[in-house]
Every structure is written in structure tokens, then in C-alpha cells.
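Welcome! Here is a short briefing to read alongside a protein model.

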Amino acid sequence: MFHEFIKTSLLIVASLFPIINPPAVGFIVLGMMPQASERERADLARCITVNSVVLLAASLLLGAYVLKFFGISVAVLRVAGGLIVAMAGWRLLQSVEGVAAVEREGLDVHALRIRAFYPLTLPMTVGPGAIAVAIALGTSSPEQGPLPVHLAGVGAGLLLLSVCIYLCVRYACRAQRVLGEVGTQVVMRLFAFVIFCIGVQILWAGISGLLGPMHLVD
């Protein structure tokens with residue numbers, strides 16, 4: 001049982017960590033909310049972490065059923081999500097300072113938490129790629145259903161991911177001090193380009209999934 005627990009936990013972390021990319025999330029949040037105070041940054045990190053865990057857990061346990069209920073295929077999910085991620089990356093790539101200027105106007109607690117969900121959690125942290133992977137992992141459970149040891153492993157894996165997300169978002173400002181203003185701008189634009197590329201890749205995967213059955217029919 002311990003072997004299954006470790007195997008499930010590592011599978012969750014290894015599959016989702018590269019897609020979520022917590023360090024990139026931390027710098028993107030820093031770029032979009034540069035004037036946030038320490039208290040606001042802690043609140044943002046907590047909200048984004050909780051939102052991400054809830055979305056991932058829901059995708060793992062219920063995602064396949066929700067898509068089936070609404071008749072949405074994973075390919076369509078990837079196309080729609082890829083467009084959103086690519087556009088968000090493009091806006092960040094064009095002008096990190098332009099995005100930041102909007103945030104300097106200030107946000108109240110309610111608006112801050114809304115922004116923490118969209119776009120900072122969805123799709124910047126847990127995007128369509130992570131959701132699609134989580135759904136695939138959820139549908140790969142044994143035919144008799146997930147065992148308690150598997151659920152415990154999923155919980156442990158999500159806990160590890162949540163710790164990584166929280167630390168990266170909460171303390172990205174400290175990395176900024178080490179890198180300096182120029183270095184931070186370079187890193188944020190680099191990550192913005194990576195986000196744009198991820199969006200295009202997700203979009204292409206969705207389009208390929210939609211066109212695949214057409215080729216089979218021909």
C-alpha cells in the first residue's frame with residue numbers, strides 16, 4: 001500500500017508540476033501585481049493556492065463527468081483554453097509595464113480575490129493543459145474505482161503542488177530583489193513568451209485532436 005501511495009503522489013506531481021510551472025506563475029503574478037503590499041501578496045498567494053487545489057481536485061475527480069454532461073471534448077477544451085493562455089501571454093509579452101499600470105490604481109479585497117481567481121488562477125496557474133492532464137489522470141483510475149490509498153496519494157501530491165505554488169507566488173518579490181529591476185523584467189518577459197508558446201501548443205494539440213477524426217473519415 002505504501003508503494004501505491006508513493007507512486008500515486010509522484011505521478012500527480014511529475015505530471016502537473018511542469019505544466020503549472022510555479023516559478024513562472026510567481027513571476028507572472030509579480031508582473032501583474034507589482035505594487036501589492038506584503039499583506040496583499042500573502043492573500044493573493046493563499047487564494048491562488050486554494051483555487052488551484054480546488055480546480056485540480058475537481059478535474060481529477062469530476063472533470064470527465066462534467067465534460068461528458070455538457071458534451072465538450074478534451075480537444076475543444078484545449079482549443080478554447082489555448083486561445084485564452086496564448087492571448088494572456090501575448091499581452092504580457094507586449095508590455096509588462098502596461099499590464100502593471102492597471103494594477104497601480106488599487107484594488108479592494110473583493111476585487112483582489114476575484115483577480116486571484118481570474119486570470120491569476122485560471123488560466124495562468126491551472127490552465128487547460130493542467131486540467132486536461134488532471135482529467136486524464138482521473139480517468140486512469142482502476143475499474144473498481146479509486147482505492148483509499150490512491151485518494152491519499154492524490155491528496156499528498158496536491159499538497160506538495162500547493163506548497164510550491166504558495167512559496168513561488170508569496171516570495172517572488174524576494175527573487176526580484178536578487179535579480180534587480182532589469183533582470184526581473186527579462187525573466188518576466190521570458191516567462192511571458194513561454195506562456196504564449198504553451199498556449200499555442202495547447203491550441204495546436206486541440207486542433208490536431210479535432211482534425212484527427214476527419215482524416216480517419218476520409
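What is the mean pLDDT of the protein chain? The mean is 82, and 87% of the residues reach 70 or more; pLDDT is the predictor's confidence in each residue, from 0 to 100. This is a predicted model, in which local features need pLDDT of at least 70 and side-chain atom pairs count only at pLDDT 80 or more, while totals for chains, interfaces and linings use all residues. Residues are numbered from 1 along each chain as its sequence is written, and side-chain values use heavy atoms, with hydrogens and water left out.

**Confidence along the chain**
- Where pLDDT is low, the predicted coordinates should not be read in detail.

**Overall build**
- The protein chain has 9 helices and 0 strands; helices (H or I, at least four residues) and strands (E, at least two) are DSSP runs, numbered from the N terminus.
- Of the 218 residues, 41% count as buried, where buried means under 20% relative accessible area with a 1.4 Å probe, protein chains only.
- Helix 2 is largely enclosed by the rest of the structure, because 10 of its 11 residues are buried; among them are Phe 27, Ile 28 and Met 32.

**The second largest pocket**
- A pocket is an open set of points on a 1 Å grid over the protein atoms alone, with protein on both sides within 12 Å along at least five of seven lines, and lining residues have an atom within 4 Å of a point.
- This pocket is lined by 21 residues, and Ser 59, Leu 67, Leu 77, Leu 122 and Ile 131 lie nearest its centre.
- Helix 3 (38–70), helix 4 (74–94) and helix 7 (128–139) each supply at least two lining residues, with the largest share, 8 residues, coming from helix 3.

**The largest cavity**
- A cavity, by contrast, is a set of grid points where a 1.4 Å probe fits but cannot get out.
- The largest cavity has a volume of about 120 Å³, a volume being the space filled by probe spheres set on the points, which are joined across faces, edges and corners.
- Of the 16 residues that line the largest cavity, Ile 19, Pro 123, Met 124, Thr 125 and Ile 198 are the closest to its centre.
- Helix 1 (2–20), helix 2 (22–32), helix 7 and helix 9 (172–217) each supply at least two residues of this lining.

Key: Buried < 20%, exposed > 50% of the residue type's maximum accessible area, 1.4 Å probe, protein only.
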